[in-house]
Amino acid sequence: MALYVKGASFFSRSRIWNPEQLIRVWCHGKNSNNNTKVPELEERPEKQYHSSYHQKEKGKIYDKKPFKFQCQKGKAYFWCSCGHSKRQPFCDKSHASPYIKISLRPVRFVAEETREYWFCNCKQTNNRPFCDGSHKLPDVQSATATVKS
Ligand code: FES
């Protein structure tokens, strides 16, 4: 099955993409010519201002796949990094509960355009708050997640 993506800037209009190629572009941040970046995999400007991007600890595995969400340009979102939120992939302040001692804090992200973003829902990403393909690692796939698939 082939897919034509109309209007997306990094897809050539004359090119027919199949889903496997799209997944490869998504997971590695480059197309087959290694010259096109996926915006989510580029360096986040907020990293220099928010220490939550640099937390060493990783959260509890909530799900073993990413979550696509339509963000609004200029709006701030707080991605849950602990995995305990009931409003995944976003924070509901569960980390502040005195009963479950959690040191992880949410990661603030401001959308630079109105479009769909793929947020990490396994909480093991090295590119917070976005999916970087870490959910495919054998450790993550064999672990018990909050969401049963
Ligand atoms: S869901 Fe893909 S890295 Fe977490």
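Residues 24 or more positions apart account for 55% of the contacts in the protein with a separation of 6 or more, a contact being a pair of residues whose C-beta atoms, placed from the backbone, lie within 7 Å. The model is a predicted one, in which local features need pLDDT of at least 70 and side-chain atom pairs count only at pLDDT 80 or more, while totals for chains, interfaces and linings use all residues. Residues are numbered from 1 along each chain as its sequence is written.

The average pLDDT (the predictor's confidence in each residue, from 0 to 100) is 79, and 72% of the residues score at least 70. Over residues 1–22 pLDDT stays under 50, as it does over residues 27–32. Where pLDDT is low, the predicted coordinates should not be read in detail.

The elements run α-β-β-β-β-α from the N terminus, with helices (H or I, at least four residues) and strands (E, at least two) taken as DSSP runs. Of the 149 residues, 22% are buried, that is, have 20 or more other C-beta atoms within 10 Å of their own.

Beyond its neighbours within four places in sequence, Cys131 contacts Pro66, Trp118, Phe119, Cys120 and Thr125.

Residues 64–101 are 0% helix and 24% strand; residues 104–141 are 11% helix and 24% strand.

Notes
Two residues are in contact if their C-beta atoms, placed from the backbone, lie within 7 Å. A residue is buried if 20 or more other C-beta atoms lie within 10 Å of its own, exposed if 12 or fewer, and partly exposed in between; C-beta atoms are placed from the backbone.
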